[in-house]
Amino acid sequence: NAFTGIRTAEIERLQWEDVRTDAGTILLHRGLTKTQEGRILPIRPALNEWLQLCAKRSGKVAEDQFFTYTKKIAEGVFGKDTPWEKNALRHSFISYSMAETGNAATTADISGNSIRMVKAVYQTLAVPNDAHKYFNIKPKGGVRNLPS
């Protein structure tokens with residue numbers, strides 16, 4: 001959800017057959033989303049590299065304990081006392097997407113938020129140079145060092 005803006009609950013329901021790397025899209029059907037509105041999300045080049053490392057290609061994309069897993073990663077990187085919100089990676093995506101595009105409507109559409117919410121909360125949290133760095137975080141040596 002760091003590169004797509006998918007909510008934790010949405011990624012826990014997402015199936016691999018809806019991740020279309022050949023088409024460069026992820027299909028979030030209406031039944032998967034909080035707003036009951038479907039979304040088509042682009043797969044960025046960095047995300048495509050991550051997907052190549054961990055794609056099972058069938059079944060669920062993420063385990064039901066996705067939040068617990070991402071929290072363990074954050075604790076391993078930043079320390080055990082680091083506060084970690086359920087949709088922290090989603091919030092990063094929205095902040096950097098706003099910085100990259102400057103377009104609240106596009107960011108709201110991709111993330112499944114209202115334009116008003118995106119402008120009020122995320123508009124000034126990041127700058128374009130930071131967005132470029134963020135959206136180009138790629139795997140280095142695989143994901144074998146991630147906590148289990």
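**Salt bridges and a helix pair**

Analyst: In this predicted model, E100 has a relative accessibility of 39% and therefore counts as partly exposed, since that class lies between 20% and 50%.

User: What makes the pair of E100 and R44 a salt bridge?

Analyst: The closest N and O atoms of E100 and R44 are 2.8 Å apart. The cut-off is 4 Å between a side-chain nitrogen of Lys or Arg and a carboxyl oxygen of Asp or Glu, so the pair qualifies. E100 belongs to helix α4 (residues 88-101), whereas R44 lies in the loop between β3 (39-42) and α2 (45-54); the two are 56 residues apart and link distant parts of the chain.

User: Why is R44 called buried?

Analyst: Buried requires a relative accessible area under 20%. R44 is at 18%, so the term applies.

User: How do you know that K138 forms a salt bridge with E49?

Analyst: Their closest N and O atoms are 3.4 Å apart, and this is within the 4 Å cut-off, so the pair counts. The bridge joins the segment after α7 (128-134), where K138 is found, to helix α2, which holds E49, across 89 residues. K138 at 38% counts as partly exposed, and E49 at 33% does too.

User: Why is α4 described as roughly antiparallel to α5?

Analyst: The axes of α4 and helix α5 (residues 104-111) come within 9 Å and cross at roughly 155 degrees. Angles over 145 degrees count as roughly antiparallel, so α4 is given that description relative to α5. The crossing of α4 past α5 is right-handed.

User: Which residues make the contact between α4 and α5?

Analyst: From α4 come R90, F93, I94, S97, M98 and T101, and from α5 come A104, T107, I110 and S111. The residues of this contact divide into 5 nonpolar, 4 polar and 1 charged. Arg counts as charged, so R90 belongs to the charged class.

How values were computed:
Residues are numbered from 1 along each chain as its sequence is written. This is a predicted model: local features need pLDDT of at least 70, side-chain atom pairs count only at pLDDT 80 or more; totals for chains, interfaces and linings use all residues. Side-chain values use heavy atoms; hydrogens and water are left out. Helices (H or I, at least four residues) and strands (E, at least two) are DSSP runs, numbered from the N terminus. Buried means under 20% relative accessible area, exposed over 50%, partly exposed in between (1.4 Å probe, protein chains only). Axes are lines fitted to C-alpha atoms, for helices over the stretch in contact, and angles run from 0 to 180 degrees between N-to-C directions. Angles under 35 degrees count as roughly parallel, over 145 as roughly antiparallel, 65 to 115 as roughly perpendicular and the rest as oblique. A crossing is left-handed if the near helix is turned anticlockwise from the far one by less than a right angle, and right-handed if clockwise. Contact means heavy atoms within 4.5 Å.
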